[in-house]
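Dear colleague,

Please read the notes with the coordinates open beside them.

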Amino acid sequence: MDSYHVTVTLGLVLCVWASVSGDGHGRKNPYNIHDYKNHPCIRTCIEGEAPKICKYYFLVEHYTTLSAACYNCRSNRSDCSLPQCVTGAGLPRPVLTVNRMVPGPAIHVCQNDTIEVLVDNRMELGEGTTIHWHGVTQKGTPYMDGTSMITQCPITKWSKMKYSFTVSDAGTQFWHAHAALQRSDGLFGSLVIRQPQSRDPHGDLYDMDLPEHTIMLNDWSKRPSADSMVALFHRGDSAFPSGILVNGRARGEGGYEIPYAEFHVRAGLKYRFRIIYSGILNCPIYVRVDDHKLLMISADGKDFHPVEVDSFTIYSGERYDFILQTKGEDELKNGSYWMRFKGHNACSSRKIIQAAVLRYSIGGNEDPSGEVTYDNTEPAPGEVTLSDETGVSSKNNIQIVDLKSLGSDEPDPDLVGEPDKQFYIALARSFLPDDRFLTPAYPGCPPNFRDSDTGSFTLDPNSTDAYSTASEGDGDKCRNPTERYTLQLNYITGRLPPAPPLTQYEDINKKLLCNGANIQGDCTKQICDCVHTIKVSRGDLVELVLVNPKAEMKEVLYSLDDQLVHPMHIHGHSARVVTMMRLHQDISMDALKEMDARGEISRVRFKAPYKDTIPVGDRSVVIIRFRADNPGFWFFHCHIELHTELGMAMVIQSGEVSEMPQPPIAFPKCKSWEMDDEPPKDHGNHEELKTSLTDDGEGGGCVGLCSNNTRRNFFTAESFMITGVALLICLSIPAVMLGALYCVRRVRGHRARPTLIRCSSSYCQVGPYSSLSSRDETLLE
């Protein structure tokens, strides 16, 4: 190939490269976003079919409900379905979005597909973010779990990260941000992993399993979560939901006719529905479909023996699959039916309820008859329900522990054997004064007294008011106006480490890690906080006994709320629920252990169900078991967003660090850094500067510059040569492309006027074909 063809070919290659470069997914304009409703990975899963690589681009940014993209949504319902229109509950509100959607793009793939998601953080306020794949155990890829400061550093503004993992287990999961309170403001979406219906244990129970029958629920507030949090902590306000969104829509706020979410069906068929609850506050949701039975078949992506119910209750982080048998044409009383979503606990005082429409194809477009209200949505006499708030099993009240998982009838060693490690974990509230919430004492009132040596508060043993600094007769004026409780696990407030232990364990001061066995100080007299960590060995059978006790010490002042349920979520594992027991009384942890030793707390030994998110009710004991077969650092926390921020969280170290899969090369790093010594005063002294940039393992002074403790000289002849070569390559690319463009244009000109290049010993001359001599024509041949 001559130089002309080489030049043209190289120019074309560079042009093609430039046209597809950008974000690595063939996207040059980051704002050319998609909802992925027609993604090629949305398909019928076929046995024997080769798995696909399913690519997605997530643009994360600040946005708003009822943006200009909604046009006349408030008065014209069809406008509410326009691209990039986020309706919320019908009032303007700042939100965080992926691809300008709430919920964000739904991911529907087949078992054993590989998911690749490029997350592009363009949040204008500079926040870092991560994306957690809730329910995906990430075996072999723990660094893709997406838990900020546990498995990775946050993705900073103007940065990108590509999550890549293979989904080996079918089931209904979801994705959401796992940094600060970002999930509360809109960063979540569904993730459904299907398997061929011929391999599905429940495949013969349904006719249709459609992506549009995925129901995404979340409770909703009128103001952003950060506003709610600071108002709660520093002004004494309360944090309550204002509504419930069904697939991003709610009617009721602002008086606007935001359309209900609709789910379309045909008569006489069995449909598989998948429901996901990204709950934010303490608002479990009661679910019912008018005049239809629900056949429950799966929880948190794990199948169980089918159970027919009239209703069920879902808690934050949970997922359920159910089969809905539609009515035959001769049975239909209406063309549409109400689907009811009634909030409990924190949603009860404001009577929060939302509806959606189950619409039959032979019906019209009218809403169902009647009105959905809080008061007319009550369990009917004799109604069979799953996972209600009583926590008590009966003929009509089926609890999670009553479900039977699928599988062999042979004895299961994880259920019949004794655990290798057992941990009793108290979920409760401490009213000890917390420096985060204290304000200066009112003028004339005694100051908040804290011992400078021990950090303990001096408390009146006869007082139940841990926040008061009042003397007798002072009244309420000396009461701290932001009295708040702290949520803990085992008397410890969980904190995040300064670096992710999965990828940078060596960068963490081990004094920051603690648990009940090595905590320093008396946690009954002061708030104890640390990176709360428990360790188990690889392969251990682990049992967690979760309980809401009331401590005997007055100083701790633990209190149980009759309506406070903690949905505890474990990363990296699916646990067996072997006990759910209502105590009906306050109890200390010591008393509970004595009960267990006497055999008064029974455990299910046969086909206990699998769950990764387990609601723990008031005055209840819940026991879960899991096999520590997935080495890594895994977060275990309450899935109510503010509870995690307050400290109801811990880290489970599964296996030794050396047994954990290593992250990819150049995986991002971060950590705290402080300069131990004064910086060099003469910055022109290169030798001194080189010394300050080396990593001696003490000050972390090499962050971002060195790795693997390698000392590097940045001012060598080698570095200058590499820089010069790189600069030469960069300068040559435009020249080559210009040359290619010139040649292409000349080639086009050949068709009208062929040219000849006449060359002598010192130069070449280009001439038109019309001026050629006979000798020139001979040269052309």
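Cys638 has a relative accessible area of 0%, and because buried means under 20%, this cysteine counts as buried. Please keep in mind, here and below, that the model is predicted.

Turning to the disulfides, the count comes to eight, and I describe three of them here, beginning with the link between Cys41 and Cys54, whose sulfur atoms lie 2.1 Å apart. The torsion about the S-S bond of this pair is about -100°, so the disulfide is left-handed. The pair links distant parts of the chain, with Cys41 in the loop between helix H1 (3-20) and strand S1 (53-64) and Cys54 in strand S1 itself, 13 residues apart. Cys41 and Cys54 are both buried.

Another disulfide joins Cys45 to Cys110, with an S to S distance of 2.0 Å. Its torsion about the S-S bond is about -95°, and the link is therefore left-handed. Cys45 sits in the loop between H1 and S1, whereas Cys110 belongs to strand S3 (residues 107-110), so that distant parts of the chain, 65 residues apart, are linked by this pair. Cys45 is buried, with a relative accessible area of 10%, and Cys110 is buried as well, with a value of 4%.

The disulfide between Cys283 and Cys347 also has its sulfur atoms 2.0 Å apart, and with -115° about the S-S bond the link is left-handed. Cys283 lies in the loop between strand S12 (270-277) and strand S13 (285-289), while Cys347 lies in the loop between strand S18 (336-343) and strand S19 (353-360), so the pair ties together parts that are 64 residues apart in sequence. Cys283 and Cys347 are both buried.

The remaining notes concern strand S14 (residues 294-299), in which five of the six residues are buried, so the strand is largely enclosed by the rest of the structure. Which strands does S14 run antiparallel to? One is strand S15 (residues 302-309), joined to S14 by five bridges, and in this pairing Ala299 has Lys302 as its bridge partner.

With best regards

Definitions and conventions
Residues numbered from 1 in each chain as written. Predicted model: local features only at pLDDT ≥ 70, side-chain atom pairs only at ≥ 80, totals over all residues. Heavy atoms only, no water. Disulfide = S-S within 2.5 Å. Helix = DSSP H or I, 4+ residues; strand = E, 2+ residues; numbered from the N terminus. Buried < 20%, exposed > 50% of the residue type's maximum accessible area, 1.4 Å probe, protein only. Pairing = 2+ DSSP bridges.
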